[in-house]
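Subject: The structure I promised you

Hi,

Have a look first, then read on for what I found.

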Amino acid sequence: MTAVRPAPKELAKFQAKEAVSAGARPRLIVLGDSHAAGWPNRLLTAIGITPVAKLAITSLLTEELLYTVENSSVDYTQAQAIIIQIGANNLRNYVHRPTPYSAPTAVADGIEQIVR
């Protein structure tokens with residue numbers, strides 16, 4: 001999968017969330033789409049790993065998350081855990097308006113690249 005720059009609205013949201021986490025050296029990072037963005041902060045802090053960087057963006061596609069991870073300014077080196085919840089938007093597209101990135105095998109490949 002090739003990383004794709006998110007649309008300006010989603011990219012601006014990601015950059016704003018990154019700015020909040022700049023220099024924080026988060027130990028827990030949340031990445032993904034609206035499913036990940038919807039995780040309540042109280043649940044994340046209850047995990048007991050802080051500080052938390054919640055970088056998930058509604059409507060994000062797997063290839064767009066790959067782009068944001070590859071171009072992130074957040075320091076991932078101190079992370080003890082990273083939660084990734086992505087792919088639902090791609091798979092919905094596979095049913096309604098297929099793209100090269102929406103096939104299940106492409107989604108799995110993209111998630112594997114994000115994890116690496």
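Predicted model: local features only at pLDDT ≥ 70, side-chain atom pairs only at ≥ 80, totals over all residues.

Now to the helix pair. Find helix α4, residues 62-70, and helix α6, residues 104-115; their axes come within 9 Å and cross at roughly 15°. That angle is under the cut-off, so α4 and α6 are roughly parallel to each other. The crossing in which α4 passes α6 is left-handed.

Which residues make the contact between α4 and α6? On the α4 side they are T62, L65, L66 and V69, and on the α6 side V107, G110, I111, Q113 and I114. Sorted by type, the residues of this contact come out as six nonpolar, three polar and no charged.

In soluble globular proteins, nonpolar side chains tend to be buried together. Here, the largest nonpolar core has 14 residues, and I29, L31, L55, L60, L65, I86 and I114 have the most contacts inside it. At least two residues of this core come from each of β1 (28-32), α4 and α6.

Is S21 buried or exposed? You'll find S21 in helix α1, residues 8-21. S21 has a relative accessible area of 7%, and because under 20% counts as buried, S21 is buried. Not counting residues up to four places away in sequence, S21 touches A53, L55 and V74.

Then there's I47, in the loop between α3 (41-46) and β2 (52-54). With a relative accessible area of 41%, I47 is partly exposed. Leaving out residues up to four places away in sequence, I47 touches L28 and I83. And how far apart are I47 and I111? In sequence they are 64 residues apart, and in space 23 Å, C-alpha to C-alpha.

Cheers

Note on methods:
Residues numbered from 1 in each chain as written. Heavy atoms only, no water. Axes fitted to C-alpha atoms, helices over the stretch in contact; angles between N-to-C directions. Helix = DSSP H or I, 4+ residues; strand = E, 2+ residues; numbered from the N terminus. Parallel < 35°, antiparallel > 145°, perpendicular 65-115°, else oblique. Left-handed = near helix turned anticlockwise from the far one by under 90°. Contact = heavy atoms within 4.5 Å. Nonpolar A, V, L, I, M, F, W, Y, C, P; charged D, E, K, R; others polar. Buried < 20%, exposed > 50% of the residue type's maximum accessible area, 1.4 Å probe, protein only. Core = buried A, V, L, I, M, F, W, Y, C linked by side-chain atoms within 4.5 Å.
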